[in-house]
Amino acid sequence: MTADLIDGKEFAASVRAKVAEHVATLKEVHGLTPGLAVVLVGEDPASQVYVRNKGKQTIECGMNSYEHKLSADTTQEDLLALLDQLNADPAVHGILVQLPLPGHLNEDLVINRIDPAKDVDGFHISNVGLLATGQKAMVPCTPLGCLMMLRDRHGSLSGMNAVVVGRSNIVGKPMGQLLLRDSCTVTIAHSRTKNIEEICKQADILVAAVGRPQMITGDWVKPGATVIDVGINRIDKPEGGTRLVGDVDFDSAAAVAGAITPVPGGVGPMTIACLLANTLTACCRANDLPEPEGLTA
Ligand code: NDP
């Protein structure tokens, strides 16, 4: 391996430490404690683990965590009523509805009921529009985490050629918008893109958010490029059992790239860290206080 390893675990710990420091100051100087409300509908085991981790890390950073666990047969009206209540609660600065929701609930309607100023996932249509028009938005956590790692590595991203593989609303598109905002020349590739390998090979920054195990191999990577692997895929091990891999074939890509994130331990840990950062930012904005430096887009 010739590439530098971008250690997301270590980076996420430094983001959490910055958040905790800022929260301590907010408490001391302004008597304010940021609060994050997480709403979980149903009993999906993976979602339960995510919600538990989010709550634990929120408290560890000195913020208040409010968990609302609703049964799988919760009606749309009841869920919307809870969101109205959280929107009106001044102790709640961030609201996150854990996705996916059970099939009878309309995700768009639910997400767009959250006050955009409290939408710490950045999925509300107003935040999508604000980001696309270069205005102050709440930015989705996973792409924000990728951006922080890229800025840390390169300083200015201006003029760099960036290729994002994947055009989902939660990762690919907002990632493209953030890179554009940092003055990269951005290409967003997807399943219908022609000559995708050649396009990727032009990238100074290559972000993979596809959901296909180890699809991007070393011969897609420009020598010296920075490769950010968002993918989380579980594959079978030849000796039995399973393991997590990214969308990038780590070994072959790391032999060509200048820097690369591993899976696990790359982008994954940054996502919750950025959720905490967004909650802090939302609290500062709600109280007309300066935003925490280095924790926003
Ligand atoms: P989606 O399934 O919503 O989107 C996948 C995108 O990849 C689509 O735009 C699709 O194109 C594109 N794609 C699929 N196959 C190909 C192909 N053969 N060539 C080129 N493009 C292709 O996934 P998400 O964006 O939600 O997630 C992507 C990955 O990131 C997943 O592995 C997911 O688990 C992971 N993830 C990790 C997070 C973290 O915290 N680290 C957070 C969120 C996601 P098209 O639109 O044309 O169908």
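## Helix 1 and its packing

The buried residues of helix 1 (residues 8-30), where buried means under 20% relative accessible area with a 1.4 Å probe and protein chains only, pack against helix 6 (141-154) and helix 10, contact being heavy atoms within 4.5 Å. These buried residues are G8, F11, A12, V15, V19, V23 and L26. An α-helix has 3.6 residues a turn, so residues three or four places apart point the same way.

This is a predicted model, in which local features need pLDDT of at least 70 and side-chain atom pairs count only at pLDDT 80 or more, while totals for chains, interfaces and linings use all residues. Residues are numbered from 1 along each chain as its sequence is written, and side-chain values use heavy atoms, leaving out hydrogens and water.

## Ends and length of helix 1

At the start of helix 1, a side-chain oxygen of D7 comes within 3.0 Å of the backbone nitrogen of K9, and the helix is followed by G31, whose phi is positive, near 65 degrees. The end C-alpha atoms of helix 1 are 32 Å apart, which agrees with the 33 Å that its 23 residues should span at 1.5 Å a residue, the expected span being 1.5 Å times one less than the number of residues.

## The ligand shell

The ligand is surrounded by 22 residues, each with a heavy atom within 4 Å of it, and helix 10 (residues 267-286) gives the most to this shell, with 3 residues. Oxygen atoms of the ligand lie 2.7 Å from a side-chain N or O atom of R167 and 2.5 Å from one of S191. The protein covers 70% of the 930 Å² of accessible area that the ligand has on its own, by the Shrake-Rupley method with a 1.4 Å probe.

Methods: Polar contact = N/O pair within 3.5 Å; in protein donor to acceptor, adjacent residues only side chain to side chain. Helix = DSSP H or I, 4+ residues; strand = E, 2+ residues; numbered from the N terminus. Buried < 20%, exposed > 50% of the residue type's maximum accessible area, 1.4 Å probe, protein only.
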